[in-house]
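I opened this one to see how the chain is put together. My notes follow, in the order I looked things up.

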Amino acid sequence: MKNNTSSNHSSREEDQPKKESPISSLDSRFNQTLRNVQGLLKGRSIPGKILLTRRSDPLDDLGSQENSPSYQRSFSSNDAGTSDRMEKEEVQSTSKPNNNANPNKLKSSTSQTDITAKEIQKSSMGARATDSARLTKFSKVLSGTTIILEKLRELAWSGVPPYMRPNVWRLLLGYAPPNSDRREGVLRRKRLEYLDCVSQYYDIPDTERSDDEINMLRQISVDCPRTVPDVSFFQQEQVQKSLERVLYTWAIRHPASGYVQGINDLATPFLVVFLSEYLEGSVENWSISDLSPDKVSNIEADCYWCLSKLLDGMQDHYTFAQPGIQRLVFKLKELVRRIDEPVSRHMEEQGLEFLQFAFRWFNCLLIREIPFHLVTRLWDTYLAEGDALPDFLVYIFASFLLTWSDQLQKLDFQELVMFLQHLPTQNWSHQELEMVLSRAYMWHSMFNSSPSHLAS
């Protein structure tokens, strides 16, 4: 069926008269590159043998226009060992909201083709993460005496099943060792080390702190209640205290940067993921007071060490003047200019600088731009990228921005600023996020090995 649809689309495009307009020429080059990338992707497990096909119906909710090609993500029939019979079974399966789901149990996989948009939005994980063949592969990789991290990264790129996510994230970040015999001992030692740091740096009177440390702690205590304000769980006083301990301890142990606003957002995915080992159901209904002090301490320690590992790879993002972020914003501007010159030219004509909106994206890694229930799925891909994450962020953010390519070209400066500060992502589901990641992967395949194409 997919092959017939694809061939029908191809013949329909060939029957149309050719035009020499710049848009048509750009579209033609894009389609040619797309075919090349599709060939490249065959046989690759990152990110799951993506097939990108032209949609016959435009994405109304994204406001796409007729002359702007829009693409949907589908999966090849031989993807990850998935049989046609398995796909049919997935189509017949029904979607269940995860509000009361047990994160330590397998969840039935859901077909995105037969469920409504509202059901898609209720889903707390992408269909890729629950594919039974992928679950089998995850289980096989994680059950080894020594885990092969490269294989784990390839699987995690396309999404991690929620009940496996805490262990997978610890491994991807290098916090937990790949050798299963050493893992428990290392985690126990690291958690005790965190407790010692809290006792040494946090649980002391202000008279023993310097003025800079007092000001830093005050700033953290102001920022914690502002963190993820639309999720009531983060308004709990005990949750804010846990965040405060983690952030202050990290800042004291990393004097080169200290605490920078935005780092508070980066701790939240870790907190939610490691709490999911102990709390069930919707995050909105969680209460951290249900947990023993020892469990809370272990969760904080895991958050601290994983945050440290993440930021070790992007330290210059948070040092004075944040040069790492400024460098990536410049790369983003150049990449957008190459991919979508009309959008780039319009933004330049309107006097809009990329720093005015993209700085926050790099500073908070899009946590403030998308619904929080999608953040952990996005971070599966972040952490799977490992040391290559900073450069790959440029491609993700270019794909994110150009989701609204047509709308952006119709807005003046003031409207652009307002639109980019309040992006219409509140109703996004995993479908839109997967689209962003698929485009990012495609563009990365096109441009990353040809840096001269991005030269000024």
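I am working on a predicted model, where local features need pLDDT of at least 70 and side-chain atom pairs count only at pLDDT 80 or more, while totals for chains, interfaces and linings use all residues. Residues are numbered from 1 along each chain as its sequence is written, and side-chain values use heavy atoms, with hydrogens and water left out.

**Entry: the whole chain**

I got 21 helices and two strands for the chain. Next I looked up burial, where buried means under 20% relative accessible area, exposed over 50%, and partly exposed in between (1.4 Å probe, protein chains only). Of the 456 residues in the chain, 50% are buried. For contacts I used heavy atoms within 4.5 Å. Among the chain's contacts with a separation of 6 or more, 72% are between residues 24 or more positions apart.

I found Tyr202 in helix H9, which covers residues 180-202. Is Tyr202 buried or exposed? Tyr202 counts as buried because its relative accessible area is 10%. I left aside its neighbours within four places in sequence and listed the contacts of Tyr202: Cys197, Arg209, Leu217, Lys241, Glu244, Arg245 and Tyr248. I also checked Tyr202 against Val246, which is 44 residues away along the chain, and the C-alpha atoms are separated by 9.4 Å.

Arg188 is in helix H9 too. With a relative accessible area of 47%, Arg188 is partly exposed.

**Entry: cysteines**

A disulfide is a covalent bond between the sulfur atoms of two cysteines. How many disulfides does the rule give? I took a pair of cysteine sulfur atoms within 2.5 Å as the rule, and the count came to zero disulfides. I looked at two cysteines anyway. Cys197, in contact with Tyr202, is buried at 6% relative accessible area. Cys224 is buried as well, with a relative accessibility of 1%.

**Entry: H14 against H16**

For helix pairs, axes are lines fitted to C-alpha atoms over the stretch in contact, and angles run from 0 to 180 degrees between N-to-C directions. Helix H14 (residues 323-339) packs against helix H16 (residues 355-364) at about 120 degrees, and the axes are 10 Å apart. That angle makes H14 oblique to H16 (under 35 degrees is roughly parallel, over 145 roughly antiparallel, 65 to 115 roughly perpendicular, and the rest oblique). On the H14 side I noted Ile325, Leu328, Val329 and Leu332, and on the H16 side Leu355, Ala358, Phe359, Phe362 and Asn363.

I then sorted the contact by class, with Ala, Val, Leu, Ile, Met, Phe, Trp, Tyr, Cys and Pro as nonpolar, Asp, Glu, Lys and Arg as charged, and the others, Gly among them, as polar. For H14 with H16 that gave eight nonpolar, one polar and no charged residues.

How many residues of H17 are buried? I counted eleven of the eleven, so H17 is largely enclosed by the rest of the structure. Among those buried residues are Arg377, Trp379, Asp380 and Glu385. The cover over them includes helix H7 (149-156), helix H8 (165-172), helix H12 (263-275), helix H13 (293-312), H18 and helix H21 (430-447).

Helix H17 (residues 375-385) and helix H18 (residues 389-401) cross at roughly 140 degrees, and their axes come within 9 Å. Thr381, Tyr382 and Glu385 of H17 meet Leu389, Phe392, Leu393, Ile396 and Phe397 of H18. By class, I get six nonpolar, one polar and one charged residues there.

I noted Val228, which is not a glycine but has a positive phi of about 45 degrees. Val228 is in the loop between helix H10 (211-223) and helix H11 (237-253), and is buried at 7% relative accessibility.

Leu366 went on the list as well, with a positive phi near 70 degrees in a residue other than glycine. I placed Leu366 in the loop between H16 and H17. Leu366 is buried, at a relative accessible area of 2%.

Definitions and conventions
Helix = DSSP H or I, 4+ residues; strand = E, 2+ residues; numbered from the N terminus.
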